[in-house]
Amino acid sequence: MKNTIIHTPKLTIMKKLLLFVVTIFLVVLSQNIHAQGCVAIRQMGGLNAMNPSGSYNLLKGDFQVGANYRYFHSWRHFVGTTEQPQRQTTGGGHGPDGKDRGNAVNIYSHAVDLNLSYGLTNRIQLNLSIPWVHNERSQVLRQTAPTADTFRYSVYAKGIGDVRMSVNYWILDPAKARTGNLMVGVGLKLPTGNYAATDNGVPQANGTKKDFVIMDQAIQPGDGGLGFSVEVQGFTQLYKGIYGFANGYYLFNPKESNGTYKSAASPGLEGYNIYACPDQYFARAGLLTSVLKSQNLTFSLAGRFEGIPAYDAFGGQKAYRRPGYVVAVEPGVTYRTGQHTISLFVPYNFKKNRIQSAADIADQNLQNKLITDPSQKVHVQGDAAFADYSISLGYSFLITKKNKTAPIRVPGF
């Protein structure tokens, strides 16, 4: 059998491109830009498809199927970057031990993405991702009748989320490029998730229970908008088995709002109570290396930045959202054996910022119009609950034709 010599292209330009992506990422981290936040970025098909454990080795005619599980528990309340610790110890009624249970909103989110990818060519990859979510929101009610009481209860929303389809293109042929590559892609987000989910038997202040209550925006499976995304991913070999990587995307959601609301608008703020169809963004950059000669076990460490902007890039802005962002450090491990790949990523959020929303600013301007003394001007900014960390566990299986030339494997890709 003849040995095949594969010539690896020079990647000076590729390294410069990756360096540019990483530099932009670090600049973004250092700025207090008007972007994400909320509880966490909404689960949407394909959000985790760009991890380095993904399908770089998918060649023409290959399929890859997989699933990704994500969990987080949000409970720390922030206004801007200032935590509100009193939410953990006051206003929640007293338990049997006599301690106040706090009135913080707790959200427990479980989500599973079912992913399918197909290699149209060695460079073009088609992707489909279908998410399913189960969200719980634990909150406090101050009951006024028939007896006064303060207690905690939970409501739920679950179902299919917003399905995502995308197409990716590798600038260099993955069969030849093992020291670096750059991928660009575009995607379409479908409004398949329920954006007006309700729950039944919800306690009311007057002591009764109510059915078909609209759930809070934070736990809705979908947002009701038809969106489109742009994304990029790149990697380069820095030294022997050490690679640098960066990836990110921006979701454009032009639709202003989805018509769903939980409470009536305040006078002069009509429209700002209706749930928005917000843009989303995500960026990630770091290093990875293989610790085995077989290159099957890879460890990575990355910086991660994700959130929801206060204003969308396109479309109307009069709607309700909790914008903000989180900055995280993300350790990860990937193991590959044969056609199987397993990955685990646990980003820890060390910076949380609930920025002013469009509704906050509109309310602030409305109040300040009536105030003549500049020293009495008000600042309006809502809060949001954030998670300390999230867990992302993924599995994929590569379906390739027999007797097909195996692609070059790059550690962690």
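Rings of Phe, Tyr and Trp (its six-membered ring) pair if their centres lie within 6.5 Å, and a pair counts as stacked with planes under 30 degrees apart, as edge-to-face over 60 and as tilted for the rest. The structure holds 13 aromatic pairs. This is a predicted model, in which local features need pLDDT of at least 70 and side-chain atom pairs count only at pLDDT 80 or more, while totals for chains, interfaces and linings use all residues. Residues are numbered from 1 along each chain as its sequence is written, and side-chain values use heavy atoms, with hydrogens and water left out.

**Chain overview**

- The chain has 2 helices and 19 strands; these are DSSP runs numbered from the N terminus, helices being H or I of at least four residues and strands E of at least two.
- Buried residues (under 20% relative accessible area, with exposed over 50% and partly exposed in between; 1.4 Å probe, protein chains only) make up 50% of the 413 in the chain.
- Of the contacts (heavy atoms within 4.5 Å) between residues at least 6 apart in sequence, 73% join residues at least 24 apart.

**Aromatic pairs and cluster**

- F78 and F386 form an edge-to-face aromatic pair, at 5.8 Å centre to centre and 85° between the planes.
- This pair links distant parts of the chain, since F78 is in strand 1 (residues 63–79) and F386 in strand 19, 308 residues apart.
- Both F78 and F386 are buried.
- F228 and F252 form a stacked pair, with 5.0 Å centre to centre and 20° between the planes.
- Here F228 belongs to strand 12 (residues 227–239) and F252 to strand 13 (residues 242–252), 24 residues apart.
- F228 is partly exposed because its relative accessible area is 34%, whereas F252 is buried at 16%.
- One aromatic cluster is formed by F228, Y250, F252, Y281, F305, F314 and Y325.

**Charge over a ring**

- R284 lies over the face of F345, 5.2 Å from the ring centre; the criterion is NZ of Lys or CZ of Arg within 6 Å of the ring centre and within 35 degrees of the ring normal.

**L398**

- L398 is in strand 19 (residues 384–399) and counts as buried because its relative accessibility is 12%.
- Beyond its neighbours within four places in sequence, L398 contacts L58, D62, F63 and Q339.
- Q339 is 59 residues from L398 in sequence, with 4.9 Å between their C-alpha atoms.
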